[in-house]
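I want the overall layout before anything else.

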Amino acid sequence: MKKTIKDLGDIQGKRVLVREDLNVPLNDSQEITDDTRIRAALPTINFLREKGAKVIVMAHLGRPKGQFKDELRLNPVAERLSKLLDSQVIKLDDCVGDEVKSRLEELKDGEVALLENIRFYKQETDNDADFAKQLSEMADIYVNDAFGAAHRAHASTEGVAKQLSPAVSGLLMEKELKALGGILEDPQRPFVAVVGGSKVSTKIGVLESLVNKVDTLVLGGGMTYTFLKAQGYEVGKSICETDKLDVAKDLMKKAEEKNVQLLISEDVLVADDFSQEANTKVVSAKEIPADMEGIDIGLKTRETIKNTLMNAKTILWNGPVGVFEINKFAEGTKAVAEAVAAATEQGASSVLGGGDTVAAIEKFGISPEAYTHISTGGGASLEFIEGKVLPGVAALDEPETANK
Ligand code: ADP
Ligand code: MG
């Protein structure tokens with residue numbers, strides 16, 4: 001665990017530079033369509049305000065690729081943040097420079113300023129040391145609360161932490177690390193992971209890490225077919241990575257050696273087209289018709305997964321088990337979402353990660369409260385599960401070495 005803002009002591013009047021993940025979706029009229037990420041940043045910002053700090057927030061929006069782009073300015077974010085904080089956020093039109101500095105000098109205790117989209121500067125993604133220094137000189141303390149950006153070694157996530165001390169985690173960052181770290185390091189057993197998604201190739205690291213930790217590994221989604229093919233079955237037109245058959249075989253072997261139960265679909269929903277109008281039927285996973293494509297888990301598989309989840313004490317779910325974007329193919333993923341919620345209600349700890357997994361929950365209208373923790377960081381949560389060091393976390397102070 002890293003040092004957090006709760007360990008800082010008296011910060012009245014201190015200038016605190018906070019990296020937040022405020023990368024919200026905007027529609028064509030520059031309106032925010034989902035402010036979850038802004039809301040998730042509130043506890044840290046409010047904590048610092050209440051302690052009388054001068055809060056300077058850094059964030060990125062979209063992919064401006066190192067150029068100033070009017071449509072990616074943070075003005076709508078500043079507006080929403082002001083509303084949610086019930087206090088006017090001072091929006092700056094740049095990230096560094098004399099104008100920014102002089103505006104920040106006027107900042108009063110408990111006030112919040114928001115710098116412009118940090119990715120307007122190429123130096124941000126280059127993790128340029130001079131740029132990080134310029135940023136760090138504007139503050140006394142660095143806080144990283146942007147779990148969703150912590151897998152990137154950028155100037156605002158990693159570079160600044162090296163130049164500014166103390167450098168600590170925010171409350172959201174702490175919550176994410178505790179939730180994900182907790183289940184991976186010391187899970188209550190049985191520990192069941194459900195991993196779906198479209199491809200084996202994007203989940204190899206996750207699967208290889210989890211096979212060392214879980215009691216049961218449930219595989220769903222598009223990668224099912226690579227595993228079925230590796231077992232010698234025909235998969236018709238299903239998504240199948242023929243260059244990953246060895247990876248699949250290897251994983252099956254590892255699971256066997258480690259006594260990990262590997263659940264691959266018994267039956268699947270197949271379709272003759274990738275659309276709501278498709279003809280569909282449920283078939284045994286061993287008998288997929290040559291002219292059809294596996295698109296969702298079947299009814300028996302849903303029942304098996306449900307029973308497995310109801311016996312679990314710890315659940316990690318990443319990746320939809322079917323093409324949930326199309327209603328006709330969403331039932332399997334919905335069944336998993338409901339089963340994880342039911343198991344949680346019954347006392348299991350559940351952690352959900354992955355952009356599409358969270359999108360699926362929202363689509364089904366299931367409350368986030370139905371789960372123990374929903375990770376706000378898509379890519380970052382995957383890398384964390386893979387066991388990779390997140391540079392934005394690694395750069396923060398250890399509790400012992402704080403106030404160096
Ligand atoms: P996450 O963002 O939660 O980590 P992924 O990005 O790995 O999830 O995978 C999500 C995608 O996987 C979805 O777009 C979904 O349509 C797709 N998918 C799931 N099952 C299948 C399948 N059987 N065939 C093709 N694509 C699938
Ligand atoms: Mg995804």
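This is a predicted model: local features need pLDDT of at least 70, side-chain atom pairs count only at pLDDT 80 or more; totals for chains, interfaces and linings use all residues.

Domain bounds here come from an automatic or database domain assignment. I looked up that assignment for the protein chain and got domain 1 (5-173) and domain 2 (187-386). Then I checked the spacing: the centres of domain 1 and domain 2, taken over C-alpha atoms, sit 36 Å apart. Their contact (heavy atoms within 4.5 Å) takes 8 residues from domain 1 and 8 residues from domain 2.

Residues are numbered from 1 along each chain as its sequence is written, chains are lettered from A and ligands numbered from 1 in the order in which they are written, and side-chain values use heavy atoms, with hydrogens and water left out.

How much of the protein chain is buried? I got 55% of the 404 residues, with buried meaning under 20% relative accessible area (1.4 Å probe, protein chains only).

For the surface, I found that the protein chain exposes about 17500 Å², and carbon and sulfur atoms supply 44% of that. The areas come from the Shrake-Rupley method with a 1.4 Å probe.

Last, overall extent: the C-alpha trace of the protein chain spans about 70 × 45 × 40 Å along its principal axes.

Methods. Buried means under 20% relative accessible area, exposed over 50%, partly exposed in between (1.4 Å probe, protein chains only).
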